[in-house]
Amino acid sequence: FILSYDDYSIMDERVSHSVLSGSDKEKITVDFTFENMARDAANQGASDIHIIPKEKFYYVFFRKNGDLIEQEKYLLDIERGFDFVTLIKLDASATSKGGFKADKHIAPQDARVVYGDIDLRLVFIPDGLNGQRMAVIARVIKKTIIRDPDLKAKGFHDPIITAINRTSRLEGGFIILSGITGSGKSTLLADILATIDKRRRVLTIEDPIEYVLSGKNITQHQLYIPPDEEDKDRMGYLEFTKAAKRADPNVLSIGEMRKNPDLIDAVSEMVYAGQLVYTTIHIQSCFKVVHAMEHVFKMNRESVVPSIFLSINMKLTKRLCDHCKNEDTEKNNISRLNELKPKFRYESKESLDEFLSSKDSYVTYLHNPEGCPKCGYTGYSGRVPMYEYFEPSVELIDFILKSNPTNYDIEKYVCSRNLGQNRLDTYIQRLIDGEVDTSQVILDSIL
């Protein structure tokens, strides 16, 4: 046979790197384990691990505060990198449900690995340029016990905290948290559930359980997806929701709403029966929730609109380091906002207009690119939520049902009647508080 060099390289790699069995683990020699790496990532506060093969090396990155930070200490040559990924696959085979195959290299696969209190959700993605090599992306979830959360300390202002506390006492409706992956939805949901009146019975359905809620009135359920599809003991969102109807909860938390008609019917029945239901969905604005519930989840408009008690949408953005941020004496933030004002895609810009008209009343700050020892010379210290929300009134419900408004119409109605705020309002408050500036990395969270 006459082969191209690329085809020969692929065949050679397949021969020399056949997937090892669990009993052959000891044959692989790597200076560290995936558990070592995962615990290091968790201790650094990383949300994800990225293991990326290139021509000569496997590179490792931790995602911290939204950025990929290369971890040079975990650099692996091609041989050891392939073996290291093989070890991860073997660990995943022991934990993952749903038919994960360690010897599968040509298609993406999802998997799970658990090391004590660290739960990792993995995606294996084939590298089409380099034979059987695979990139690995792992979401790092470290179980944390939540007892007495402080929403204000976590960056939420009094109006939204008041709305959260007020709606948590209601019955027969939805409280919907939304945002993209990694926006802080699960953390906020856990904090809210931990603050619910201890006289109310709370059941949660989660996958995975990220935060352990210490309240005696709370029972948390982990989904069970058996490896054998014919196993009748499967307990997914639908099965747990049906069972919850007989468990007499006051509050039901469903980790993520799914486009399953039977699940949607079961959840709707819970709401109509008087339960308060918390759930999360993936949309980019709290004002799009009506459209999402009606058109994505196919829920009846006349029924679901009056049932939405609170809609919150979140993103996370970098926070300026208090120890090294610079006072904006030249009013650069003001100039930048005046320049960008026409580009902000918000129907309501009253908070921005008010800020710009009273520019001499506030002291704002700028990012220090040199940083300091306190922030690791990055100029940033953690992240803060850039949120928006609304708490519908009877008049807003009537407006939505009769007018079929766009999300911009809903935003304008909400902001003009003090029923919530948009993300621009939150940004202006954070700018006044000295937590953010007008650098692009921060503005990306509101543009």
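## A walk through the side chains

Start by selecting Arg 417 and Tyr 413: the charged end of Arg 417 sits over the ring of Tyr 413, 3.8 Å from its centre. Keep in mind as you go that this is a predicted model.

**Lys 318 and its two partners.** Next, pick Lys 318 and Tyr 380. Here Lys 318 lies over the face of the Tyr 380 ring, 5.4 Å from the ring centre. Is Lys 318 buried or exposed? Lys 318 is buried, with a relative accessible area of 8%, while Asp 67 is partly exposed at 32%.

The model has 25 salt bridges. For another one, select Asp 40 and Lys 73, whose side chains meet at 2.8 Å, N to O. Again the link spans distant parts of the chain, with Asp 40 in helix α2 (residues 34-43) and Lys 73 in the loop between β3 (67-70) and β4 (76-77), 33 residues apart. Colour these two by accessibility and you will find Asp 40 buried at 15% and Lys 73 exposed at 54%.

Then show Arg 112, Asp 119, Arg 121, Lys 143 and Asp 207 together; a network of salt bridges links them.

**Rings.** Switch to the aromatic side chains, where the structure holds eleven aromatic pairs. Select Phe 34 and Phe 84: their ring centres are 6.3 Å apart and their planes meet at 80°, so this pair is edge-to-face. Phe 34 belongs to helix α2 and Phe 84 to helix α3 (residues 78-95), 50 residues apart in the chain. Both Phe 34 and Phe 84 are buried.

For a contrasting geometry, go to Phe 355 and Tyr 362. With centres 5.6 Å apart and planes at 25°, this pair is stacked. Phe 355 is buried at 2% relative accessible area, and Tyr 362 is partly exposed at 25%.

**Two helices.** Select helix α6 (residues 237-244) and find Thr 241 within it. Thr 241 is buried, with a relative accessible area of 0%. What does Thr 241 touch, leaving aside residues up to four places away in sequence? Show Ile 205, Leu 252, Ile 254, Leu 263, Ala 266, Val 267 and Met 270 to see these contacts.

Move on to helix α8 (residues 289-296), where Val 289, Val 290, Ala 292 and Met 293 are buried. An α-helix has 3.6 residues a turn, so residues three or four places apart point the same way. After α8 comes Lys 298, with a positive phi near 55°. While you are here, select Glu 294 and Arg 301, which form a salt bridge with closest N and O atoms 2.6 Å apart. Arg 301 is buried at 11%, and Glu 294 is partly exposed at 22%.

**Last stop: cysteines.** How many disulfides are there? The count is zero. Select Cys 372 to see its nearest cysteine sulfur, in Cys 321, 3.8 Å away; a disulfide needs the two sulfurs within 2.5 Å. Cys 372 is buried, at 11% relative accessible area. Finish at Cys 415, whose sulfur lies 8.3 Å from the closest cysteine sulfur, in Cys 286, too far for a bond. Cys 415 also counts as buried, at 14%.

Conventions: Residues are numbered from 1 along each chain as its sequence is written. This is a predicted model: local features need pLDDT of at least 70, side-chain atom pairs count only at pLDDT 80 or more; totals for chains, interfaces and linings use all residues. Side-chain values use heavy atoms; hydrogens and water are left out. Buried means under 20% relative accessible area, exposed over 50%, partly exposed in between (1.4 Å probe, protein chains only). Helices (H or I, at least four residues) and strands (E, at least two) are DSSP runs, numbered from the N terminus. Contact means heavy atoms within 4.5 Å. A salt bridge is a side-chain nitrogen of Lys or Arg within 4 Å of a carboxyl oxygen of Asp or Glu. Rings of Phe, Tyr and Trp (its six-membered ring) pair if their centres lie within 6.5 Å; planes under 30 degrees apart count as stacked, over 60 as edge-to-face and the rest as tilted. A charge sits over a ring if NZ of Lys or CZ of Arg is within 6 Å of the ring centre and within 35 degrees of the ring normal.
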